[in-house]
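Subject: Handing over a structure, with notes

Dear colleague,

I am passing on to you the structure shown just below, and after it I set out what was found. Please keep it open beside you while you read the notes.

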Protein chains: 8
Amino acid sequence: MASTNGMIDPDDVVMLLIDHQSGLFNTVQDLPVPDLRNYAIALAKTATLLDIPVLTTASVPDGPNGPLIPEIHEFAPHAQFIPRTGQINAWDNPPFVEAIEKTGRKTMVIAGTLTSVCLAFPAISAIEAGYKAYCVVDASGNWSKMATDLTIARITQAGAIPMDTFAMVAELMRTWNRAEGSQFGAIIAEHIVPTYKCLMESYDKAQAVVKDGPETMMDRYQ
Amino acid sequence: MASTNGMIDPDDVVMLLIDHQSGLFNTVQDLPVPDLRNYAIALAKTATLLDIPVLTTASVPDGPNGPLIPEIHEFAPHAQFIPRTGQINAWDNPPFVEAIEKTGRKTMVIAGTLTSVCLAFPAISAIEAGYKAYCVVDASGNWSKMATDLTIARITQAGAIPMDTFAMVAELMRTWNRAEGSQFGAIIAEHIVPTYKCLMESYDKAQAVVKDGPETMMDRYQ
Amino acid sequence: MASTNGMIDPDDVVMLLIDHQSGLFNTVQDLPVPDLRNYAIALAKTATLLDIPVLTTASVPDGPNGPLIPEIHEFAPHAQFIPRTGQINAWDNPPFVEAIEKTGRKTMVIAGTLTSVCLAFPAISAIEAGYKAYCVVDASGNWSKMATDLTIARITQAGAIPMDTFAMVAELMRTWNRAEGSQFGAIIAEHIVPTYKCLMESYDKAQAVVKDGPETMMDRYQ
Amino acid sequence: MASTNGMIDPDDVVMLLIDHQSGLFNTVQDLPVPDLRNYAIALAKTATLLDIPVLTTASVPDGPNGPLIPEIHEFAPHAQFIPRTGQINAWDNPPFVEAIEKTGRKTMVIAGTLTSVCLAFPAISAIEAGYKAYCVVDASGNWSKMATDLTIARITQAGAIPMDTFAMVAELMRTWNRAEGSQFGAIIAEHIVPTYKCLMESYDKAQAVVKDGPETMMDRYQ
Amino acid sequence: MASTNGMIDPDDVVMLLIDHQSGLFNTVQDLPVPDLRNYAIALAKTATLLDIPVLTTASVPDGPNGPLIPEIHEFAPHAQFIPRTGQINAWDNPPFVEAIEKTGRKTMVIAGTLTSVCLAFPAISAIEAGYKAYCVVDASGNWSKMATDLTIARITQAGAIPMDTFAMVAELMRTWNRAEGSQFGAIIAEHIVPTYKCLMESYDKAQAVVKDGPETMMDRYQ
Amino acid sequence: MASTNGMIDPDDVVMLLIDHQSGLFNTVQDLPVPDLRNYAIALAKTATLLDIPVLTTASVPDGPNGPLIPEIHEFAPHAQFIPRTGQINAWDNPPFVEAIEKTGRKTMVIAGTLTSVCLAFPAISAIEAGYKAYCVVDASGNWSKMATDLTIARITQAGAIPMDTFAMVAELMRTWNRAEGSQFGAIIAEHIVPTYKCLMESYDKAQAVVKDGPETMMDRYQ
Amino acid sequence: MASTNGMIDPDDVVMLLIDHQSGLFNTVQDLPVPDLRNYAIALAKTATLLDIPVLTTASVPDGPNGPLIPEIHEFAPHAQFIPRTGQINAWDNPPFVEAIEKTGRKTMVIAGTLTSVCLAFPAISAIEAGYKAYCVVDASGNWSKMATDLTIARITQAGAIPMDTFAMVAELMRTWNRAEGSQFGAIIAEHIVPTYKCLMESYDKAQAVVKDGPETMMDRYQ
Amino acid sequence: MASTNGMIDPDDVVMLLIDHQSGLFNTVQDLPVPDLRNYAIALAKTATLLDIPVLTTASVPDGPNGPLIPEIHEFAPHAQFIPRTGQINAWDNPPFVEAIEKTGRKTMVIAGTLTSVCLAFPAISAIEAGYKAYCVVDASGNWSKMATDLTIARITQAGAIPMDTFAMVAELMRTWNRAEGSQFGAIIAEHIVPTYKCLMESYDKAQAVVKDGPETMMDRYQ
């Protein structure tokens, strides 16, 4: 088990974004839906920045489950959508597995709504098929907090690696000392840790006071 | 350990629903009792839909523990009730184990109230006896949240697979593209994710507006 | 203020059930949506049992707000639906106020989704117009818990009376010693305090042991 | 007291947005900072849509308190910034009160970071000076949840009206049946209830299925 | 309103302990049931120590609501039990009000399960009848936390005084410098703040070390 | 690892109750202190009922850590107290290990305050020394909830078995069909699940109604 | 009521710090004890900076309640300690009231452990005696969160003004543009909002980068 | 895996304190920032007391991440700061690994902000490189609670040992019976369990009463 759990090799990754659908999002109870949406966008943008292949799919999108949220293909325009024919576990859909095999990559980065089903089932099947499966649990969304706790225990037991969105983005980018550094910074500040935006504003203001002088007019009062 | 943790083979499953008794329900603190009742019903209905054998039992139902909730046998009329003679661990009751052996199946799906006792003990004994044990923790109910956290750790360590009700139903049904698809949908909407009902109503209304026109009378005001 | 806050006179009540719509329900964050649905049903059934006039209305039901949940008119078939022409505050819709005036009653029992808007606005307007306004906050549903805390403070300050569903049903029925007693009991056990169902089952079993003897077979073991 | 607590007259409103500064935001503990930022933006955009005068100010922005978040003046370009000379209570700054008086309006809509200081002090002073004060508590942000609970009690006792952002926007817009209806809808979906976005996507998809047919390919399987 | 809200005159108090029944206790969700039981016992013992008249009653104790918990009459043997004939509001039961009147006292100390019904209704009726009503909310127990929040707002608005058990006991005893001082201390340590028991043990041990010497044998090591 | 995690053999157990001291109890934050005290008592009483050897020890009881709570030796009078000479890990104290060895038993049931130190260290040392270690985490008490979560992960990883008090008592007693059955029932109702007491009272009352007739006087009204 | 609730006149204030004792602190459950200690220190330091008279007292400090925390007199060396002779309500101790009267001030700033007793009772008595009472609830500490919620409702109803520590310090200092400005800043950063310390450090570093250049050595890599 | 999880050998430890920076601290959501700062200080002081080598590093401290908090080098003056050239995983910085190798020690004690990145990555890399990695999770700080839960699961699965600060300090000091005993006590009381300070004060007072007599003047009253 431990042998599969090391640092990710970004060049071996294929990203699976499964069933991020508007209707399913409205059943999510383990994290705020806007956060979930942002974390999924962060993964899509990261894959695009790093030329990581992305596969998407949806579970019966014609019914109340609703459509894929549009941002995923908007921000990962190279993503390939693989329609399903009813299977709950995306790994049971032969074209989906074939698309993975075609990439020649063996490290899965998976997020899926709902976590205990759409993330966990393909992760377990991937492990059984000999792949590494890194599971981005907070970019997935589940129907109850207890279900998420149980899913973390199950997938960890099965040998999949549980992760959060920030760790995944950081593990894929590896260093700030690269051309795309500021683009990664923007992904983090806009979609993962929005309080970081305040830090950047305070930082700029602190330096502006040195360069441009103060705006507070203490001397004007009485 | 990991070898036991794969996707479930529905044809090898026997479902054990242990000690879902009205009195014990009133000591449950780790999830709302009405949810617990619904999740147990969801398992019973799923077993019926898929012809999965079900065994039930009760712990001293003549005392304050109270009777089995009636819905289990109502919705799984094929379930077999095995009375106990005082044993806390249902696996210590020879007729219970004999009934399991008679099914010839090796994959246990277990839920039991209270989780840390009535679910955990038979699960651990089943593992020791060479069975696979999938534990539906949120269809069980426990006397404290910390006890549930501890039980998840214990049974996972012992090689049992921790799961939630939604994942169990989905893993047993496998695909929406089957005759019973809408019946599974009803189980989920009525007993597991009742917010899904709102999605279905909104979906129907959105289509009715296209087909039948709007009911809002913006033009009547002034 | 205090003068308006006494026990309710059931014969003076008109019940306003405002904007209990499927889409809006999916934005509710201050209580579980299935509970909210049940509490609204409890009010509808109570009004029917007691012949209390009920007015319903919806906010732009042709759009994503969705349709009224069907149970309200199902369980209060005498309810009158008053369409709106865009007004957010139902009290700004003249036909709605006229329908209230036609009842000749001066005590409003109000629930509305979302609480801080669809409940609070008509309640405040009703107070200003000289009515008593009893606000059933947990049969309303709001977009955030903090918004509910603020709304309780606001409506209480304005002279409306904040209440929960159980208190409202109990205050309207007044005594168990009436023909409809068991029907009220059913409303409470099915829709408000479902743990009460366990109590009833345990109660029946305890008496069955006296009448019919035990089912536990302690003597069969060993 | 109750006499001040009625529905707002939008034509009498001046909006005070006080000390929404990046540094102070990083001390906020009673709601998520990104939500706070969005709620402040919602107020700014609403004021712009309705031509409501807006006054802003900042507390020692040259130090660690940091600059005003830029979105307020970006989305309320007509807002007037009134520098302070050290006063904690903005009402103690004569130019601030003069700017209010110049509008001729008597209904204050106030939000301020931190709630128990920058919102509460001017609200109490405004009441003492004969104004109405509607306090948007969740567009303010406070250093502890207990401090917010205490502030709600204090300002309500003093005669100020506690409100949430959604209620404020809805109370100012009054009806969907107006030219700016869809712009208000966008403010709510983008800045206040982002789960509403999912509802709109699901709604559009449900209608697309009627108009354009399904995308699910159930018939392709097997 | 404020005029009723001063310190309690212990000599004017009659204590009403309403519907503390075993079955109802099992529906309590706003505080742990063992705490509730202890707080009710604390009130009973305090009344006995101070010769305060106590009236008890029960709501349909023959059904699932269950019997009065036995400790109340055990620890307040002078309490008078007034049977009801179905009325939900104990104040609607003429013998109950007559028993109050017979005491000649005008200050009610009330606790009742469930809070929003069995406490709130008699409190509001008492206020209307010209009594003072001190409501011991945490010695009552309610079916939901939100219902308790709403009840606190309602009874406060109506002029009843909301209190906790510790404050009530302390307000009735007034001083430690009285014969019953240590008995009050025992009530608090056993039934209200059991962590206080640890303080007393630590205190005694600290003094024993001075008087009797240490038991730790640091010098024996190595 | 899994090989150590089976059902407990009660005849092989020695119970270690480590550092349950009054001062340390006042630093416990992961569960209510009165619950912790009750759970420790439950273990002591269970050991006495089953003649399980018990060892106790204390960490510098002469200082602010305070004395052992007296109930442990009161309810397990056969327990042997082993003074320490400063060691934090009780396993580092040779007389403590010698006392264990003298019992000839290889299954440790351990509880200790604080969990992450006084429970975890001896448990890990016991595993390293070839013993089985069942850790009763909720009979231990820790300085923070996060510390408890971390400790559960650590000890589980090390091969110790995490458990709750109810499971431990049930696993040691094994069956209700034994002479001590009712004594175990009393331990559970008094010290572990006090809500069970309500069930017993309701049960008795339900049967009393059959045997003795009702006390409710519905016929007396009107 | 509202007439008493305006901004504080610092020149009319006497501060009452009641029963901040080490033993009582160990029973506090509504906020972290270290925060409580810091808030009490913040009040003491603020009083010293502004020459506000301070009265302290303790409830039976010779027993388990323990001594006054030493910091109060350390940081408010001008405070006068008034011993009590057993009274729970400090206002029942004649020397305490005489000391207040001697100051000639009519505005009480009160904090007391436990909130529902040691803060609430003197506050209510002060109101009855014609004083203004500003209650610093989070510098008090209570035995349960529900007790604090109830106390906030009770004292607000009685006409006392509920406040938090930050608001109190800010309301007393009124402006940053004064000689003691930085000393108030230190009180806030050290004792009330310690996250503010991070802001100051980040601010200094941001300016140091402008003045002294960067320390990050991006150019040294590869 | 289990083989790495035993008690720590303090003589083999090198402590890695990674990215404890003021800006990053302001993004921490899984524990209070002041607690985090104290826990990091506790580790620094402990390393100094025991002559454990300490390595620090920072992630782009010239930007909004901010400077290292000054206390680490203040309280561990022997710590060596290793600048980075952009790498997110400190283990990817060759000088950092070389500094570790130079110590000749194989047991890493690691804390890092943010936990899921700055702690987890070096821990996993250290395990892969053959080191033992003890991870002090609550001295690290993470951007969300769910991220911390996921990180605990990930690092435990990878074979790193999850721990809390108290356990780490206790495991390194091993016994109170050493020259530095009282210094360790001060670290714990000041930086880890500040409620312990109350215990020490109560302890001293209890003994003072024996030695010096009481200060309470019960005899002076009346």
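Before the strands are described, one definition is needed: two strands are taken to pair if DSSP finds at least two bridges between them. Please also bear in mind that this is a predicted model, and that the values below are computed from it.

The sheet of chain C

By that criterion, three bridges join strand β5 (residues 132–136) of chain C to β6(C), and the two strands run parallel; within this pairing, Val136(C) has Met163(C) in β6(C) as its bridge partner. Both strands belong to an open sheet of six strands in chain C, whose order is β3-β2-β1-β4-β5-β6 and whose pairing is parallel. The edges of this sheet are formed by β3 (80–81) and β6 (161–163) of chain C, each of which pairs on one side only. As a general point, strands of a sheet pair through backbone hydrogen bonds, either parallel or antiparallel.

Helix α2 (residues 33–49) of chain C lies across β1 (13–18), β2 (54–57), β4 (107–112) and β5 of chain C, and runs at about 150° to β1(C), whereas helix α4 (residues 94–103) of chain C lies across β1, β2 and β3 of chain C, and runs at about 175° to β2(C).

A helix pair in chain B

In chain B, helix α2 (residues 33–49) packs with helix α8 (residues 181–192) at an angle of about 170°, their axes being 9 Å apart. Because angles over 145 degrees count as roughly antiparallel, α2(B) and α8(B) are therefore roughly antiparallel to each other. Among the residues that make the contact are Tyr39(B), Ile41(B) and Lys45(B) of α2(B), with Phe184(B) and Ile187(B) of α8(B), and the residues of this contact divide into seven nonpolar, four polar and one charged.

Chains C and F

A rotation of 180°, with 0.0 Å of shift along its axis, superposes chain C on chain F with an RMSD of 0.0 Å, and the two copies are thus related as by a two-fold rotation axis. In chain C, the C-alpha nearest that axis belongs to Gln207(C), 2.5 Å from it. Since 100% of the interface residues of chain C are also interface residues in chain F, the copies meet through the same surface.

The record for chain A

An unreviewed UniProt entry lists residues 14–165 of chain A as "domain: Isochorismatase-like". Over residues 14–165, chain A is 43% helix and 16% strand, and the end C-alpha atoms are 16 Å apart.

With kind regards

How values were computed: Residues are numbered from 1 along each chain as its sequence is written. Chains are lettered from A and ligands numbered from 1 in the order in which they are written. This is a predicted model: local features need pLDDT of at least 70, side-chain atom pairs count only at pLDDT 80 or more; totals for chains, interfaces and linings use all residues. Helices (H or I, at least four residues) and strands (E, at least two) are DSSP runs, numbered from the N terminus. Two residues are in contact if their C-beta atoms, placed from the backbone, lie within 7 Å. Axes are lines fitted to C-alpha atoms, for helices over the stretch in contact, and angles run from 0 to 180 degrees between N-to-C directions. Copies are superposed by least squares on the C-alpha atoms of residues with pLDDT of at least 70 in both. UniProt positions are given in the numbering used here, feature names are shortened, and annotations may be inferred rather than shown by experiment. Angles under 35 degrees count as roughly parallel, over 145 as roughly antiparallel, 65 to 115 as roughly perpendicular and the rest as oblique. Ala, Val, Leu, Ile, Met, Phe, Trp, Tyr, Cys and Pro count as nonpolar, Asp, Glu, Lys and Arg as charged, and the others, Gly among them, as polar.
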